[in-house]
Amino acid sequence: MENIIFKPVMLGKVGLKNRIIRSATCLSGADEKTGNPSSALIGRYKELAAGGVGVIITGHAYVNVEGKASFRQLSICSDDDVLELSRLVNEVHEAGCPILFQLSHAGAFKAKEGEPALAPSDVKNPKTGTSCRAMTVSEIHSTISNFAKAAVRAKDSNADGAQIHLAHGFLLTQFLSPLFNKRKDAYGGDDIAKRARIIFEILEETRYRVGDDFPLWVKISVMEGIQQGYTSLEGIRLAEELAKAKVDAIEVSGGTFYGNETLTPSRTGIIAGKNEGYFAEEARAIRERIKGRTHVILVGGLRSIEVMANFYDKGVADGFALSRPLIAEPDLINRWIDGNREPSECISCNACSRTGKSGIVYCPVMRDATEGIWAPLPEC
Ligand SMILES: Cc1cc2nc3c(=O)[nH]c(=O)nc-3n(C[C@H](O)[C@H](O)[C@H](O)COP(=O)(O)O)c2cc1C
Ligand code: SF4
(Lines give C-alpha, C1' and ligand atoms only; values in the text may rest on other atoms or scores of the structure.)
(Ligands and ions follow the chains in the order given, each with its own letter.)
Protein backbone atom coordinates (compact mmCIF):
# COMPACT_ATOMS: atom_id res chain seq x y z
CA MET A 1 0.00 0.00 0.00
CA GLU A 2 1.29 3.46 -0.85
CA ASN A 3 2.54 5.43 2.13
CA ILE A 4 0.03 8.15 3.14
CA ILE A 5 2.84 10.72 3.19
CA PHE A 6 3.27 10.37 -0.59
CA LYS A 7 -0.37 11.08 -1.45
CA PRO A 8 -1.43 14.50 -2.80
CA VAL A 9 -2.97 16.89 -0.31
CA MET A 10 -4.25 20.47 0.04
CA LEU A 11 -2.20 21.97 2.86
CA GLY A 12 -2.76 25.52 4.04
CA LYS A 13 -4.57 26.29 0.74
CA VAL A 14 -1.60 25.02 -1.34
CA GLY A 15 -1.89 21.89 -3.49
CA LEU A 16 1.02 19.51 -2.76
CA LYS A 17 1.90 16.25 -4.51
CA ASN A 18 2.91 14.81 -1.12
CA ARG A 19 3.02 15.90 2.52
CA ILE A 20 6.72 16.75 2.58
CA ILE A 21 7.79 20.37 2.79
CA ARG A 22 11.21 21.84 2.27
CA SER A 23 11.56 23.95 5.40
CA ALA A 24 12.98 27.45 4.92
CA THR A 25 16.75 27.16 4.56
CA CYS A 26 18.97 30.14 3.88
CA LEU A 27 21.47 28.96 1.27
CA SER A 28 23.44 32.26 1.20
CA GLY A 29 23.20 32.32 -2.57
CA ALA A 30 21.78 35.76 -3.36
CA ASP A 31 23.76 38.60 -4.90
CA GLU A 32 25.25 40.45 -1.92
CA LYS A 33 24.56 43.89 -3.39
CA THR A 34 21.01 43.48 -4.66
CA GLY A 35 19.77 40.51 -2.62
CA ASN A 36 18.44 39.00 -5.85
CA PRO A 37 18.76 35.25 -6.45
CA SER A 38 21.93 34.31 -8.36
CA SER A 39 21.80 31.74 -11.17
CA ALA A 40 23.53 29.27 -8.84
CA LEU A 41 20.81 29.78 -6.22
CA ILE A 42 18.06 29.34 -8.80
CA GLY A 43 19.84 26.15 -9.90
CA ARG A 44 19.70 24.84 -6.33
CA TYR A 45 15.98 25.54 -6.09
CA LYS A 46 15.37 23.80 -9.44
CA GLU A 47 17.28 20.79 -8.16
CA LEU A 48 15.14 20.73 -5.00
CA ALA A 49 11.92 21.12 -6.98
CA ALA A 50 12.89 18.25 -9.27
CA GLY A 51 13.83 16.15 -6.24
CA GLY A 52 10.23 15.44 -5.27
CA VAL A 53 9.24 17.72 -2.34
CA GLY A 54 5.59 18.79 -2.13
CA VAL A 55 6.40 22.48 -1.65
CA ILE A 56 9.47 24.64 -1.13
CA ILE A 57 9.74 27.44 1.41
CA THR A 58 12.62 29.74 0.48
CA GLY A 59 15.31 30.78 2.93
CA HIS A 60 14.26 33.84 4.91
CA ALA A 61 14.08 37.00 2.82
CA TYR A 62 14.47 40.40 4.49
CA VAL A 63 11.51 42.77 4.41
CA ASN A 64 13.60 45.91 4.93
CA VAL A 65 17.29 46.70 4.85
CA GLU A 66 17.66 47.04 8.66
CA GLY A 67 16.19 43.55 8.91
CA LYS A 68 18.88 41.86 6.81
CA ALA A 69 20.44 39.04 8.88
CA SER A 70 23.28 37.66 6.83
CA PHE A 71 25.66 37.85 3.92
CA ARG A 72 24.09 37.02 0.52
CA GLN A 73 20.59 36.76 2.00
CA LEU A 74 17.58 37.01 -0.30
CA SER A 75 15.80 40.38 -0.47
CA ILE A 76 12.07 40.98 -0.79
CA CYS A 77 12.24 44.56 0.46
CA SER A 78 11.80 46.48 -2.79
CA ASP A 79 9.42 46.40 -5.75
CA ASP A 80 12.57 46.13 -7.87
CA ASP A 81 13.05 42.60 -6.49
CA VAL A 82 9.85 41.25 -8.02
CA LEU A 83 11.23 40.59 -11.50
CA GLU A 84 14.14 38.45 -10.26
CA LEU A 85 12.00 36.71 -7.64
CA SER A 86 9.50 35.79 -10.32
CA ARG A 87 12.34 34.20 -12.32
CA LEU A 88 13.02 31.94 -9.35
CA VAL A 89 9.32 31.15 -8.95
CA ASN A 90 8.90 30.32 -12.65
CA GLU A 91 11.83 27.91 -12.66
CA VAL A 92 10.48 26.08 -9.60
CA HIS A 93 6.98 25.96 -11.09
CA GLU A 94 8.40 24.56 -14.32
CA ALA A 95 9.81 21.71 -12.28
CA GLY A 96 6.28 21.08 -10.96
CA CYS A 97 6.63 22.39 -7.42
CA PRO A 98 4.88 25.21 -5.53
CA ILE A 99 7.00 27.75 -3.64
CA LEU A 100 6.42 30.16 -0.73
CA PHE A 101 8.69 33.02 0.30
CA GLN A 102 9.67 33.20 3.94
CA LEU A 103 9.53 36.81 5.21
CA SER A 104 11.83 37.90 7.98
CA HIS A 105 13.38 40.75 9.96
CA ALA A 106 16.57 40.08 11.93
CA GLY A 107 16.02 42.65 14.71
CA ALA A 108 18.93 42.35 17.16
CA PHE A 109 20.72 39.98 14.76
CA LYS A 110 21.12 42.34 11.80
CA ALA A 111 24.07 41.85 9.50
CA LYS A 112 24.99 45.50 8.92
CA GLU A 113 27.48 47.08 11.27
CA GLY A 114 27.25 50.69 12.42
CA GLU A 115 24.00 51.90 13.95
CA PRO A 116 22.74 49.75 16.86
CA ALA A 117 20.37 46.99 15.81
CA LEU A 118 16.64 47.57 16.32
CA ALA A 119 14.94 45.40 18.92
CA PRO A 120 11.77 45.60 21.01
CA SER A 121 13.69 47.22 23.91
CA ASP A 122 17.09 48.69 24.80
CA VAL A 123 18.63 45.34 25.71
CA LYS A 124 21.97 43.70 25.06
CA ASN A 125 21.99 40.97 22.44
CA PRO A 126 22.45 37.84 24.62
CA LYS A 127 24.71 36.19 22.05
CA THR A 128 27.00 39.04 21.03
CA GLY A 129 26.67 41.39 24.01
CA THR A 130 26.13 44.39 21.71
CA SER A 131 23.54 47.02 22.62
CA CYS A 132 20.26 47.27 20.72
CA ARG A 133 17.97 50.26 20.36
CA ALA A 134 14.27 50.01 21.24
CA MET A 135 12.03 50.54 18.22
CA THR A 136 9.79 53.58 18.29
CA VAL A 137 6.08 53.03 17.73
CA SER A 138 6.44 54.61 14.32
CA GLU A 139 9.26 52.16 13.44
CA ILE A 140 7.01 49.30 14.57
CA HIS A 141 4.24 50.57 12.30
CA SER A 142 6.52 50.85 9.29
CA THR A 143 7.92 47.36 9.95
CA ILE A 144 4.35 46.00 10.00
CA SER A 145 3.82 47.65 6.61
CA ASN A 146 7.13 46.28 5.32
CA PHE A 147 6.01 42.71 6.09
CA ALA A 148 2.66 43.30 4.39
CA LYS A 149 4.29 44.87 1.31
CA ALA A 150 6.77 41.99 1.12
CA ALA A 151 3.85 39.54 1.05
CA VAL A 152 2.34 41.52 -1.83
CA ARG A 153 5.69 41.17 -3.65
CA ALA A 154 5.56 37.40 -3.06
CA LYS A 155 2.11 37.41 -4.64
CA ASP A 156 3.26 39.63 -7.53
CA SER A 157 6.13 37.20 -8.16
CA ASN A 158 3.51 34.52 -8.71
CA ALA A 159 4.60 32.58 -5.62
CA ASP A 160 2.09 30.24 -4.02
CA GLY A 161 2.11 31.97 -0.65
CA ALA A 162 4.24 33.56 2.04
CA GLN A 163 5.43 32.29 5.39
CA ILE A 164 6.06 34.82 8.16
CA HIS A 165 9.11 33.90 10.23
CA LEU A 166 8.21 34.15 13.91
CA ALA A 167 10.84 31.61 14.94
CA HIS A 168 14.42 31.02 16.00
CA GLY A 169 15.27 34.39 17.54
CA PHE A 170 14.72 37.05 14.87
CA LEU A 171 12.72 40.26 15.45
CA LEU A 172 9.29 38.67 15.83
CA THR A 173 10.60 36.07 18.31
CA GLN A 174 12.25 38.98 20.15
CA PHE A 175 8.84 40.63 20.55
CA LEU A 176 7.46 37.38 22.02
CA SER A 177 10.42 37.09 24.39
CA PRO A 178 10.23 38.45 27.96
CA LEU A 179 14.03 38.84 27.78
CA PHE A 180 13.97 41.14 24.75
CA ASN A 181 10.57 42.76 25.11
CA LYS A 182 10.36 44.94 28.20
CA ARG A 183 8.09 47.54 26.62
CA LYS A 184 5.49 49.26 28.74
CA ASP A 185 3.32 50.32 25.78
CA ALA A 186 0.76 48.35 23.73
CA TYR A 187 3.52 46.22 22.11
CA GLY A 188 4.77 44.74 25.40
CA GLY A 189 3.36 43.23 28.56
CA ASP A 190 3.53 40.33 30.98
CA ASP A 191 1.49 38.02 28.75
CA ILE A 192 2.65 36.46 25.46
CA ALA A 193 -0.64 37.55 23.84
CA LYS A 194 0.27 41.19 24.56
CA ARG A 195 3.84 40.82 23.35
CA ALA A 196 2.47 39.19 20.18
CA ARG A 197 0.53 42.30 19.18
CA ILE A 198 2.97 43.23 16.38
CA ILE A 199 2.47 39.77 14.86
CA PHE A 200 -1.32 40.06 14.78
CA GLU A 201 -1.09 43.53 13.27
CA ILE A 202 1.25 42.16 10.58
CA LEU A 203 -1.22 39.35 9.83
CA GLU A 204 -4.13 41.77 9.68
CA GLU A 205 -2.45 44.25 7.35
CA THR A 206 -0.99 41.48 5.21
CA ARG A 207 -4.34 39.71 4.83
CA TYR A 208 -5.94 43.03 3.90
CA ARG A 209 -3.33 43.65 1.20
CA VAL A 210 -3.05 40.14 -0.32
CA GLY A 211 -6.72 39.10 -0.03
CA ASP A 212 -8.36 36.04 1.49
CA ASP A 213 -7.16 33.49 -1.07
CA PHE A 214 -3.40 34.01 -0.83
CA PRO A 215 -1.87 31.40 1.53
CA LEU A 216 -0.30 32.91 4.66
CA TRP A 217 1.73 30.51 6.75
CA VAL A 218 3.77 31.10 9.90
CA LYS A 219 6.74 29.34 11.46
CA ILE A 220 6.94 29.51 15.24
CA SER A 221 9.41 28.61 17.93
CA VAL A 222 7.04 26.91 20.31
CA MET A 223 9.41 27.75 23.17
CA GLU A 224 12.35 30.09 23.42
CA GLY A 225 14.69 27.48 24.87
CA ILE A 226 16.46 29.77 27.33
CA GLN A 227 16.04 30.37 31.06
CA GLN A 228 13.36 32.98 31.68
CA GLY A 229 12.37 32.88 28.03
CA TYR A 230 8.82 32.01 26.99
CA THR A 231 7.74 28.41 27.57
CA SER A 232 6.05 25.79 25.39
CA LEU A 233 2.76 26.35 27.25
CA GLU A 234 2.90 29.98 26.12
CA GLY A 235 3.97 28.92 22.61
CA ILE A 236 0.98 26.57 22.37
CA ARG A 237 -1.34 29.38 23.46
CA LEU A 238 0.20 31.62 20.81
CA ALA A 239 -0.49 28.95 18.16
CA GLU A 240 -4.15 28.84 19.23
CA GLU A 241 -4.38 32.60 18.72
CA LEU A 242 -2.66 32.33 15.34
CA ALA A 243 -5.23 29.74 14.28
CA LYS A 244 -8.01 32.10 15.35
CA ALA A 245 -6.36 34.79 13.20
CA LYS A 246 -6.83 32.35 10.29
CA VAL A 247 -3.24 31.69 9.29
CA ASP A 248 -3.36 28.83 6.79
CA ALA A 249 -0.59 26.70 8.28
CA ILE A 250 1.59 26.76 11.40
CA GLU A 251 5.04 25.18 11.13
CA VAL A 252 6.13 24.12 14.61
CA SER A 253 9.81 24.58 15.36
CA GLY A 254 11.41 25.59 18.64
CA GLY A 255 14.38 27.12 20.38
CA THR A 256 16.56 30.01 19.33
CA PHE A 257 20.14 30.48 18.24
CA TYR A 258 20.80 32.44 21.47
CA GLY A 259 19.25 29.84 23.76
CA ASN A 260 20.31 26.61 25.37
CA GLU A 261 22.58 24.74 22.93
CA THR A 262 20.73 21.46 23.37
CA LEU A 263 17.40 23.10 22.51
CA THR A 264 18.35 24.83 19.25
CA PRO A 265 16.13 24.58 16.15
CA SER A 266 18.73 22.43 14.28
CA ARG A 267 19.70 19.87 16.92
CA THR A 268 22.65 17.54 16.58
CA GLY A 269 22.77 13.85 17.49
CA ILE A 270 19.62 12.76 15.63
CA ILE A 271 19.43 9.02 15.10
CA ALA A 272 16.84 7.80 12.60
CA GLY A 273 14.02 5.92 14.28
CA LYS A 274 15.17 6.91 17.79
CA ASN A 275 14.86 10.63 18.47
CA GLU A 276 13.34 12.12 15.32
CA GLY A 277 10.85 14.98 15.39
CA TYR A 278 11.91 16.72 18.59
CA PHE A 279 8.93 19.10 18.61
CA ALA A 280 6.35 16.35 17.99
CA GLU A 281 4.80 16.55 21.44
CA GLU A 282 4.19 20.30 21.13
CA ALA A 283 2.91 19.96 17.54
CA ARG A 284 0.41 17.33 18.65
CA ALA A 285 -0.77 19.54 21.53
CA ILE A 286 -1.27 22.42 19.08
CA ARG A 287 -3.08 20.24 16.57
CA GLU A 288 -5.43 18.92 19.25
CA ARG A 289 -6.29 22.41 20.44
CA ILE A 290 -6.87 24.04 17.06
CA LYS A 291 -9.09 21.19 15.85
CA GLY A 292 -8.51 21.42 12.13
CA ARG A 293 -8.91 25.20 11.85
CA THR A 294 -5.33 25.48 10.59
CA HIS A 295 -2.90 22.89 9.27
CA VAL A 296 0.06 21.97 11.47
CA ILE A 297 3.51 21.20 10.06
CA LEU A 298 6.21 19.54 12.12
CA VAL A 299 9.89 20.37 11.56
CA GLY A 300 13.08 19.38 13.34
CA GLY A 301 15.05 16.14 13.08
CA LEU A 302 12.74 14.20 10.74
CA ARG A 303 14.85 11.59 8.97
CA SER A 304 12.70 8.64 7.91
CA ILE A 305 9.45 8.09 6.09
CA GLU A 306 8.12 5.50 8.59
CA VAL A 307 8.48 7.95 11.47
CA MET A 308 6.60 10.64 9.55
CA ALA A 309 3.80 8.17 8.64
CA ASN A 310 3.61 7.14 12.28
CA PHE A 311 3.40 10.78 13.43
CA TYR A 312 0.66 11.36 10.88
CA ASP A 313 -1.31 8.34 12.15
CA LYS A 314 -0.98 9.61 15.71
CA GLY A 315 -2.36 13.03 14.79
CA VAL A 316 0.90 14.93 15.39
CA ALA A 317 0.87 16.98 12.16
CA ASP A 318 -0.62 17.34 8.69
CA GLY A 319 2.70 17.99 6.97
CA PHE A 320 6.38 17.27 7.61
CA ALA A 321 9.20 19.71 6.90
CA LEU A 322 12.85 18.92 6.26
CA SER A 323 15.88 21.18 5.99
CA ARG A 324 19.26 19.49 6.47
CA PRO A 325 18.24 16.17 4.83
CA LEU A 326 17.53 18.13 1.64
CA ILE A 327 20.90 19.88 1.78
CA ALA A 328 22.49 16.44 1.97
CA GLU A 329 20.22 14.86 -0.66
CA PRO A 330 18.02 17.26 -2.67
CA ASP A 331 16.40 14.23 -4.38
CA LEU A 332 15.67 12.39 -1.12
CA ILE A 333 11.90 12.31 -1.69
CA ASN A 334 12.24 10.79 -5.16
CA ARG A 335 14.64 8.22 -3.72
CA TRP A 336 11.98 7.26 -1.17
CA ILE A 337 9.20 7.25 -3.77
CA ASP A 338 11.34 5.08 -6.06
CA GLY A 339 11.53 2.44 -3.33
CA ASN A 340 14.81 3.07 -1.49
CA ARG A 341 13.33 3.87 1.92
CA GLU A 342 16.62 4.09 3.82
CA PRO A 343 16.54 7.12 6.17
CA SER A 344 18.19 10.40 5.20
CA GLU A 345 21.97 10.25 4.96
CA CYS A 346 22.22 13.47 6.97
CA ILE A 347 24.12 12.89 10.22
CA SER A 348 22.81 16.16 11.77
CA CYS A 349 26.29 17.58 12.41
CA ASN A 350 25.51 21.17 11.26
CA ALA A 351 28.75 21.49 9.30
CA CYS A 352 26.61 22.78 6.40
CA SER A 353 25.59 25.86 8.36
CA ARG A 354 29.20 27.04 8.35
CA THR A 355 29.68 26.62 4.59
CA GLY A 356 27.56 29.70 3.84
CA LYS A 357 30.40 31.95 4.99
CA SER A 358 32.46 31.20 1.91
CA GLY A 359 29.85 30.35 -0.73
CA ILE A 360 26.50 28.76 -1.33
CA VAL A 361 25.54 26.34 1.47
CA TYR A 362 26.34 22.67 0.81
CA CYS A 363 26.84 19.46 2.75
CA PRO A 364 30.59 18.82 3.23
CA VAL A 365 29.91 15.39 4.67
CA MET A 366 28.09 14.14 1.58
CA ARG A 367 30.58 15.81 -0.74
CA ASP A 368 33.41 14.00 0.97
CA ALA A 369 31.39 10.80 0.84
CA THR A 370 31.11 11.20 -2.93
CA GLU A 371 34.81 11.87 -3.17
CA GLY A 372 35.55 8.80 -1.10
CA ILE A 373 37.33 10.68 1.66
CA TRP A 374 34.47 10.81 4.09
CA ALA A 375 35.34 11.68 7.63
CA PRO A 376 33.17 13.48 10.17
CA LEU A 377 34.45 16.98 10.83
CA PRO A 378 36.07 17.37 14.28
CA GLU A 379 33.28 19.74 15.38
CA CYS A 380 30.58 17.18 14.50
C1 LIG B 1 21.94 26.12 6.75
C2 LIG B 1 20.61 26.31 7.42
C3 LIG B 1 19.87 27.46 7.12
C4 LIG B 1 18.61 27.66 7.71
N5 LIG B 1 17.89 28.75 7.36
C6 LIG B 1 16.64 28.93 7.87
C7 LIG B 1 15.81 30.00 7.44
O8 LIG B 1 16.18 30.81 6.58
N9 LIG B 1 14.59 30.11 8.01
C10 LIG B 1 14.12 29.22 8.94
O11 LIG B 1 12.98 29.35 9.41
N12 LIG B 1 14.87 28.19 9.35
C13 LIG B 1 16.11 28.01 8.83
N14 LIG B 1 16.85 26.92 9.20
C15 LIG B 1 16.25 25.94 10.14
C16 LIG B 1 15.55 24.80 9.39
O17 LIG B 1 14.51 25.27 8.56
C18 LIG B 1 14.93 23.75 10.34
O19 LIG B 1 13.94 24.38 11.13
C20 LIG B 1 15.96 23.08 11.25
O21 LIG B 1 17.20 22.87 10.59
C22 LIG B 1 15.46 21.71 11.74
O23 LIG B 1 15.10 20.86 10.68
P24 LIG B 1 16.07 19.69 10.11
O25 LIG B 1 16.38 18.79 11.26
O26 LIG B 1 15.23 19.02 9.05
O27 LIG B 1 17.28 20.35 9.59
C28 LIG B 1 18.11 26.70 8.63
C29 LIG B 1 18.86 25.56 8.92
C30 LIG B 1 20.09 25.36 8.33
C31 LIG B 1 20.86 24.10 8.65
S1 SF4 C 1 26.66 18.98 6.90
FE2 SF4 C 1 25.47 17.46 5.80
S3 SF4 C 1 25.30 15.76 7.22
FE4 SF4 C 1 25.90 17.54 8.45
S5 SF4 C 1 23.92 18.43 9.08
FE6 SF4 C 1 24.47 19.46 7.20
S7 SF4 C 1 23.42 18.30 5.61
FE8 SF4 C 1 23.46 17.01 7.44
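Select Ile 220 to start. Leaving aside neighbours within four places in sequence, Ile 220 is in contact with Leu 166, Ala 167, Gly 235, Leu 238, Ala 239, Leu 242, Ile 250, Glu 251, Val 252, Ser 253, Gly 254 and Ile 286. Contact here means heavy atoms within 4.5 Å.

A word on the model before moving on. This is a predicted model, in which local features need pLDDT of at least 70 and side-chain atom pairs count only at pLDDT 80 or more, while totals for chains, interfaces and linings use all residues. Residues are numbered from 1 along each chain as its sequence is written, chains are lettered from A and ligands numbered from 1 in the order in which they are written, and side-chain values use heavy atoms, with hydrogens and water left out.

**Stop 1: the cores**

Now select Ile 20, Phe 101, Leu 103, Leu 242 and Leu 298 along with Ile 220. Of the 97 residues in the largest nonpolar core, these six touch the most other members. A nonpolar core is a set of buried Ala, Val, Leu, Ile, Met, Phe, Trp, Tyr and Cys residues joined through side-chain atoms within 4.5 Å. Buried means under 20% relative accessible area, exposed means over 50%, and partly exposed is in between (1.4 Å probe, protein chains only).

Which helix gives this core its largest share? Select residues 137-156. This is helix H3, and six residues of the core come from it. Helices (H or I, at least four residues) and strands (E, at least two) are DSSP runs, numbered from the N terminus.

Another core lies apart from the largest one. It has 14 residues, among them Val 9, Ile 21, Ala 24 and Ala 249.

**Stop 2: ligand 1**

Select ligand 1 and its shell. There are 22 residues around ligand 1, and the closest are Ala 24, Gln 102, Ser 266, Gly 301 and Arg 324. A residue is counted as near if one of its heavy atoms lies within 4 Å.

Look at the polar contacts. Such a contact is a pair of N or O atoms within 3.5 Å; within protein, one must be able to donate a hydrogen and the other to accept it, and residues adjacent in sequence count only if both atoms are side-chain atoms.

- Gln 102: a polar side-chain atom lies 2.8 Å from a nitrogen atom of ligand 1.
- Gly 301: a backbone N or O atom lies 2.8 Å from an oxygen atom of ligand 1.
- Arg 303: a polar side-chain atom lies 3.0 Å from an oxygen atom of ligand 1.

How much of ligand 1 does the protein cover? On its own, ligand 1 has 600 Å² of accessible area, and the protein covers 93% of that. Accessible areas come from the Shrake-Rupley method with a 1.4 Å probe; for residues, only the protein chains shown count as cover.

Colour strand E4 (55-62) and helix H10 (324-328). Each supplies at least two residues of the shell.

**Stop 3: Lys 68**

Move to the loop between E4 and strand E5 (74-75), where Lys 68 is found. Is Lys 68 buried or exposed? Lys 68 counts as buried because its relative accessible area is 12%. Beyond four places in sequence, Lys 68 touches Glu 32, Tyr 62, Gln 73, Ala 106, Phe 109, Lys 110 and Ala 111.

**Stop 4: Cys 77**

Next is the loop between E5 and helix H2 (82-94), the place of Cys 77. Cys 77 is partly exposed, with a relative accessible area of 22%. Leaving aside neighbours within four places, Cys 77 is in contact with Tyr 62, Val 63, Asn 64, Val 65 and Arg 153.

**Stop 5: Asn 275**

Select Asn 275, in the loop between strand E11 (249-253) and helix H8 (280-290). The Asn 275 side chain has a polar atom 2.9 Å from the backbone oxygen of Gly 269. A polar atom of this side chain also lies 2.6 Å from the backbone nitrogen of Ile 271. Asn 275 is partly exposed, at 31% relative accessible area.

**Stop 6: two positive phi values**

Most residues other than glycine have a negative phi. Select Asn 158, in the loop between H3 and strand E9 (161-166). Its phi is near 75 degrees, a positive value. Asn 158 is partly exposed, at 47%.

End at Ser 348, in the loop between helix H11 (332-337) and helix H12 (352-355). Phi of Ser 348 is near 55 degrees, also positive. Ser 348 is buried, with a relative accessible area of 2%.
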